[in-house]
Amino acid sequence: MKRWRKTLGASIALTIFAIALYSLRKELAGYNFGQVRDALDTVSRTNLLQAIGYTACGYLALILYDALALRYVKRTLPARRVAFVGFVSYAMSNMLGFPLLLGGGLRYRFYNAWGLSTAEIALTIAFNSVTFWLGVVGLAGLALVLQPVAAHTALPLLTSGTLYGLGVAMLLAVAAYLFAAAFVRRSLHFRDWEFELPSAGLALSQVLVSSLDWLFAAAVLWALLPSNTPQLTFAAFLTAFLLGQVLGLVSNVPGGLGVFELVMLSLLPPSTISRISLVGVLMLYRVIYYLMPLAIAAAMLATHELTRGKTRVARAARAASSWVPGVAPIILSISTFIGGMILLLSGATPALPGRLRLVSQLVPLTVIESSHFIGSLTGAALLVLARGLGRRLDAAYYLTVGALAIGIIASLGKGFDYEEAIALTLILIALLPARRHFYRRTSFTAEVFTPSWVLMAGVAVGASVWLGVFAYQYVDYSNDLWWRFALRGDAPRFLRATVGASVLLGMFALFRLLRPAIPDPALPDAATLERVKPIVRASPDTGANLALVGDKSLLFSANADAFVMYGVEGRSFVSMGDPVGAPNERQELAWQFRELADRHDAWTVFYQVRKHNLPLYLDLGLSMLKLGEEAHVPLRDFSLDGGSRKGLRRMMKNVDKAGCTFDIVAEQDVPALLPRFRAISDEWLAAKRTREKGFSLGYWNDGYMTMAPVAVVRCGGEIVAFANLWEGAGREELSVDLMRYGSGAPDGVMEYLFVQLMLWGRDAGYGNFNLGMAPLAGLENRQLAPIWNRVGALLFRHAENFYNFQGLRTYKEKFDPVWEPRYLASPGGFALPIILTNVSTLVSRGLRGAVGR
């Protein structure tokens with residue numbers, strides 16, 4: 001359902017964009033592209049420098065958003081880090097829109113790597129959103145109150161009195177926020193979240209910083225306007241500017257492209273500024289305020305990659321290594337998308353006559369025609385390849401390098417467009433040294449193209465088509481126009497290039513539409529379990545044996561030598577542990593699992609993962625949550641000697657006196673003993689008044705029980721306790737899963753079984769014995785610790801009436817284990833409580849088991 005909502009939202013945004021383009025076409029009827037160029041030529045160098053200066057000041061104000069947000073969550077980071085994350089996040093989200101998706105996602109990657117919890121990051125993003133709207137409402141209200149008559153010029157449908165009243169209401173809203181920040185001391189609640197209002201000083205800083213941000217953003221466009229517009233006051237202009245920006249944001253069209261321009265043309269009357277002058281400066285505004293900061297962000301990334309490893313900057317490179325792998329593919333992906341847009345828009349506009357004549361003297365007309373056509377095809381290809389870069393595909397990397405090189409040559413060959421050749425060269429320079437970030441060896445056509453990406457591609461193609469139609473609106477279109485080849489044949493070249501690019505994108509879309517559907521997850525059959533058994537046997541991690549239970553779906557790698565075992569509950573696709581199998585396949589397999597969840601509009605979750613794989617899950621965009629610690633007993637020096645093992649020696653003597661013995665039943669001999677094992681299991685469940693668990697634990701299953709040796713304790717010749725064995729490859733690890741004992745077993749029988757297994761494992765050459773998890777163990781209850789850690793630590797100490805967390809850890813401590821942390825990798829924020837519930841439901845084999853025994 002949520003995926004349909006996303007698709008509907010993208011469709012609505014595309015419809016709004018199409019309507020905006022159609023309205024702009026009508027608004028600009030009677031003008032031509034040459035007049036736009038003439039209008040751009042009238043902008044002086046002084047005005048350009050002013051606009052660039054205002055842009056720098058505006059982005060400085062945007063950086064202060066994050067500085068204030070970090071003060072709010074009481075976290076301190078170095079100023080250079082705050083400046084970097086603020087600049088890069090806003091450069092990207094301003095250009096392409098989707099501030100929560102792009103800006104929020106980038107902030108999560110940066111701040112998570114720098115130690116902020118998921119809750120703190122969510123509060124930072126929410127605080128920035130509030131700051132953003134405070135400036136809009138406050139500035140708009142001030143403009144309406146101080147200059148209602150001037151604002152009426154921009155909004156003629158409303159009277160000056162109505163606009164004045166609206167302005168007063170806006171200022172009162174901002175004043176109410178400041179009043180609440182100064183005098184309201186209680187916490188506020190929203191759903192499951194509890195938060196406090198900022199202090200009065202911090203709230204006032206929000207208003208001031210946001211107002212400065214919007215004033216500088218408006219000043220960039222104001223500086224570019226012709227000086228001969230005395231009828232246009234700044235108050236009227238600011239009102240139109242703010243309304244255009246807000247409507248562009250609400251429309252969900254990337255960057256508000258088309259929507260903002262239409263609002264400005266509609267609200268600023270022709271009597272104040274000519275239409276063609278306004279169109280020219282609006283295009284220039286896009287370049288200065290949107291494209292230039294994005295280019296600088298990409299250049300910063302390229303500088304890091306090129307200087308990586310050099311002695312003078314080694315320290316800086318090491319400091320950046322925690323966050324660059326996460327953000328580099330995103331910046332390069334967006335830069336490549338912009339490169340594709342540049343080629344498409346260039347192909348839709350006439351070439352400069354002087355440059356075209358120069359090129360015609362060097363190469364034949366065939367080269368010019370081919371370069372124009374190939375350039376537009378390359379632009380369309382870059383829109384698609386950009387998505388593959390964002391997903392870290394190695395094939396997309398190599399194809400993009402080739403496409404950019406072709407685009408550079410085509411740009412020069414079609415009309416010596418050296419500006420776009422330089423832009424594409426800069427993108428290529430940033431991409432070339434970043435090969436290490438694109439490690440995924442998978443099919444590019446199998447990638448998920450989200451509604452947001454389709455929307456951006458649609459906007460890019462639609463903008464280029466509209467620009468071409470506007471540029472050649474006076475051309476007499478006829479059938480022979482398609483086949484007209486001439487030096488000044490810009491319109492035919494535009495038609496051929498547009499059709500070629502559209503056909504290329506259409507064929508790609510059709511190919512994806514006709515590909516086989518992704519099957520829903522299914523549980524493995526007997527043949528699949530036999531197929532997975534060799535991979536399990538080759539794994540040093542004994543937890544891989546959980547795949548043999550048969551209660552989890554299996555996702556195999558392309559070479560079928562690695563797999564992910566997972567369950568589905570609600571919107572959660574939950575992998576049990578890390579990917580299992582060949583080490584070189586695990587990274588790609590984790591991405592495949594992420595994409596499988598994406599196709600079903602689900603959350604990607606990895607449960608009980610090890611710390612050495614955390615960088616992989618951060619790359620997947622997941623947050624880390626410590627679940628507890630796993631106990632590993634080193635076996636090579638294990639013995640019962642020493643004072644600390646006195647209790648274990650006494651227990652062993654008592655069980656031995658009861659006439660009990662320990663034995664290992666070989667795998668091939670287990671089927672004959674299944675009836676006895678089943679009787680003990682049923683008796684144990686009845687005595688414990690509990691249900692079988694699953695997912696992260698095995699449960700009684702005849703087929704599963706026959707797939708491994710079984711350790712048994714016999715008393716008087718009869719089996720009274722058993723545990724099936726998990727053996728890791730290379731004898732690195734030994735563990736047990738299903739542990740049951742009957743009523744005839746003496747006290748301490750399971751402890752006896754554990755000790756005998758450890759002694760047997762030591763003699764057999766195993767490295768360690770895995771005693772399993774101690775949930776919530778090792779969580780810190782410190783003031784600055786993440787809220788989950790603090791709650792978990794409290795439960796560990798005080799929730800003995802519900803689950804004996806401390807008792808379980810204390811029991812395992814007697815074997816002197818080494819404790820290793822285990823984590824949950826999942827989306828954070830509001831999704832986390834639902835994900836934890838879904839995981840609990842999977843482990844308990846149903847919601848009833850999650851809330852009961």
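Which residues in helix 10 are buried? In this predicted model, they are Ala235, Ala236, Phe237, Leu238, Thr239, Ala240, Phe241, Leu242, Gly244, Gln245, Val246 and Gly248, where buried means under 20% relative accessible area with a 1.4 Å probe and protein chains only.

## Basis of the model

This is a predicted model, in which local features need pLDDT of at least 70 and side-chain atom pairs count only at pLDDT 80 or more, while totals for chains, interfaces and linings use all residues. Residues are numbered from 1 along each chain as its sequence is written, and side-chain values use heavy atoms, with hydrogens and water left out.

## Helix 10

Helix 10 covers residues 234-250, helices being DSSP runs of H or I with at least four residues, numbered from the N terminus. Its 17 residues should span 24 Å at 1.5 Å a residue, and because its end C-alpha atoms are 24 Å apart, the two values agree; the expected span is 1.5 Å times one less than the number of residues. The helix is mostly covered, with 12 of its 17 residues buried.

## An aromatic pair

The whole structure holds 33 aromatic pairs, counted when ring centres of Phe, Tyr or Trp (its six-membered ring) lie within 6.5 Å. Phenylalanine 241 and tyrosine 285 have ring centres 6.2 Å apart and planes at 85°, so this pair is edge-to-face, a class for planes over 60 degrees apart. Because phenylalanine 241 lies in helix 10 and tyrosine 285 in helix 12 (residues 275-307), the pair ties together parts 44 residues apart in sequence. Both phenylalanine 241 and tyrosine 285 are buried.

Technical notes:
Helices (H or I, at least four residues) and strands (E, at least two) are DSSP runs, numbered from the N terminus. Buried means under 20% relative accessible area, exposed over 50%, partly exposed in between (1.4 Å probe, protein chains only). Rings of Phe, Tyr and Trp (its six-membered ring) pair if their centres lie within 6.5 Å; planes under 30 degrees apart count as stacked, over 60 as edge-to-face and the rest as tilted.
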